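Subject: Structure for your files

Hello,

Here is the structure we talked about, with my notes below it. Please read them with the sequence and the coordinates open.

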Amino acid sequence: MKKKINIIFGPSKNDLGGISTILNNYKESFLLKKINAILITTHKTGTNRLLLIIIFINAVLKFIKNLIKYKVEIVNLQMASKGSFFRKLLLIVICNIFNIRYFVHIHGGGFTDFYKNSIFIVKFFIHFVLIKANKIIVCSNFFARNLSKTIKIKMNIIVINNSIEDNFKKIKVSKGKKNYILFLANLTPLKGINDIFSISHDLISKNNDIKFILCGSDKQNYYYKKFINNKNKKNFIFFNYLKGRKKIDILKKSKIFILPSYIENSPISIIEAMSASVPVISTNISGIPEQITHNKNGFLIKPGDKKMLKKYISVLIKNKNLASKMGKEGRITFKNKFSNDVSFQKIINLYKI
């Protein structure tokens, strides 16, 4: 009798996106062993087209090899929009040919827009993929409702919040936090980076002790080049990408976390901030209001509302007690809803069905 295994398809563990963060979280927290799953890489960001084709062909060959060698029970496809969807489509066709159960775990706030803006034949394939899935996993109630309404799918949708390991369980968060305003995301307009730069001068002119810590991929160093000669350059610190101990250290020191995005799903970075007792300022879109309760563990603004973004940053900089209280509330929210202990049990239960 063949040994039973499960397979998870997703991007390279070295990618900088949210899906890779989640898959690394699975691996480091031993969830893969608990659900008897192996990871197969289908994509790697920043590589040329030929190498991308080779990586995907290799993924398909590994899939077929495992089908021959083992009894594959469940395939879990970590999926986003556009290219991510089309890569997974072929793998799903193989699942249907061999009558293998599959889960679709949808990431990215733009998936329903991807469906709406697609031509008829692509909409047909999206509907086919989702209607045939044994489970559709999403990371917020907002996204579940939106998906059901947009693509007319009412069955098999399950909400499992994004989660991370509790890295601050045994780490004391510094009481003497610096006036660090932390941003953990790619430096792109959709993440609100232009809004941050627009309000920075006024904030710095009133408090020269403020430092904006910008951590994320900056293609062609566009923003870095733009501000390296700025008169306020000493108030900006750029990191291309942070992980592990370095990220923990920055979170410990930061007084405020900001993510003024225009499009999101359920950001991992907000969860990271809450785990470190850092109050959050973000936008009232998608699944973010399920993470942040306005005036409790942070503040919510409308996308593009630079006036309120500046106001709330000033409030938290000036009012240390409020910042501390909101940070503690965020920590409670994290432990109750967004820690691995909570989300992983739901994932394990899925594989027992």
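Predicted model: local features only at pLDDT ≥ 70, side-chain atom pairs only at ≥ 80, totals over all residues.

Asp 202 and Lys 310 form a salt bridge through their side chains, with 3.0 Å from N to O. Asp 202 belongs to helix α8 and Lys 310 to helix α12 (residues 306–318), so this pair ties together parts of the chain that are 108 residues apart in sequence.

The search of the whole structure gives 6 salt bridges.

Arg 331 pairs with Asp 166, and their closest N and O atoms are 2.8 Å apart. Arg 331 sits in helix α13 (residues 320–338), while Asp 166 is in the loop between β6 (157–159) and β7, so the bridge ties together parts 165 residues apart in sequence. Is this pair buried or exposed? Arg 331 has 13% relative accessibility and therefore counts as buried. Asp 166 is buried as well, with a relative accessible area of 14%.

Glu 264 forms a salt bridge with Lys 191, where the closest N and O atoms are 2.7 Å apart. This pair also links distant parts of the chain: Glu 264 is in the loop between β10 and α11 (268–275), and Lys 191 is in the loop between β7 and α8, 73 residues away. The two ends fall into separate classes, since Glu 264 counts as buried at 9% relative accessibility and Lys 191 counts as partly exposed at 21%.

Six strands make an open sheet with parallel pairing, in the order β9-β8-β7-β10-β11-β12. Its edge strands are β9 (236–239) and β12 (298–301), each of which pairs on one side only. From one strand to the next the twist averages 20 degrees. Within this sheet, β7 (residues 180–184) and β10 (residues 256–259) pair in the parallel sense over 2 bridges. Leu 182 stands opposite Phe 257 of β10.

Which helices pack on the sheet? One is α8 (residues 193–206), the helix that carries Asp 202. Helix α8 touches β7, β8 (211–215), β9 and β10, and its direction makes about 165 degrees with that of β8. Another is α10 (residues 244–253), which touches β7, β8 and β9, with its direction at about 140 degrees to that of β7.

Elsewhere in the chain, Ile 137 lies in strand β5 (residues 135–138). With 3% relative accessibility, Ile 137 counts as buried. What surrounds Ile 137? Apart from neighbours within four places in sequence, its contacts are Asn 76, Phe 103, Val 104, His 105, Ile 106, Ile 158, Ile 160 and Leu 350. The C-alpha atoms of Ile 137 and Ile 106 are 6.3 Å apart, although the two residues are separated by 31 residues along the chain.

Two backbone angles may be of use when you look at the loops. Asn 36, in the loop between α2 (31–34) and β2 (37–43), has a phi near 55 degrees, a positive value in a residue other than glycine. Asn 36 counts as partly exposed, at 35% relative accessibility. Ser 286, in the loop between β11 (280–283) and β12, likewise has a positive phi, near 50 degrees, and is also a residue other than glycine.

Finally, the chain as a whole. Its secondary structure comes to 14 helices and 12 strands. For 353 residues, a compact globule would have a radius of gyration near 20 Å, and the 21 Å of this chain agrees with that. The C-alpha trace spans about 70 × 40 × 35 Å along its principal axes. Of the 353 residues, 52% count as buried. Among contacts between residues at least 6 apart in sequence, 70% join residues at least 24 apart. The accessible surface comes to about 17700 Å², and 55% of it belongs to carbon and sulfur atoms.

Regards

Notes: Residues numbered from 1 in each chain as written. Heavy atoms only, no water. Pairing = 2+ DSSP bridges. Helix = DSSP H or I, 4+ residues; strand = E, 2+ residues; numbered from the N terminus. Axes fitted to C-alpha atoms, helices over the stretch in contact; angles between N-to-C directions. Contact = heavy atoms within 4.5 Å. Buried < 20%, exposed > 50% of the residue type's maximum accessible area, 1.4 Å probe, protein only. Salt bridge = Lys/Arg side-chain N within 4 Å of Asp/Glu carboxyl O. Rg over C-alpha atoms; globule rule 2.2 N^0.38 Å. Areas by Shrake-Rupley, 256 points an atom, 1.4 Å probe, with all protein chains shown as cover.
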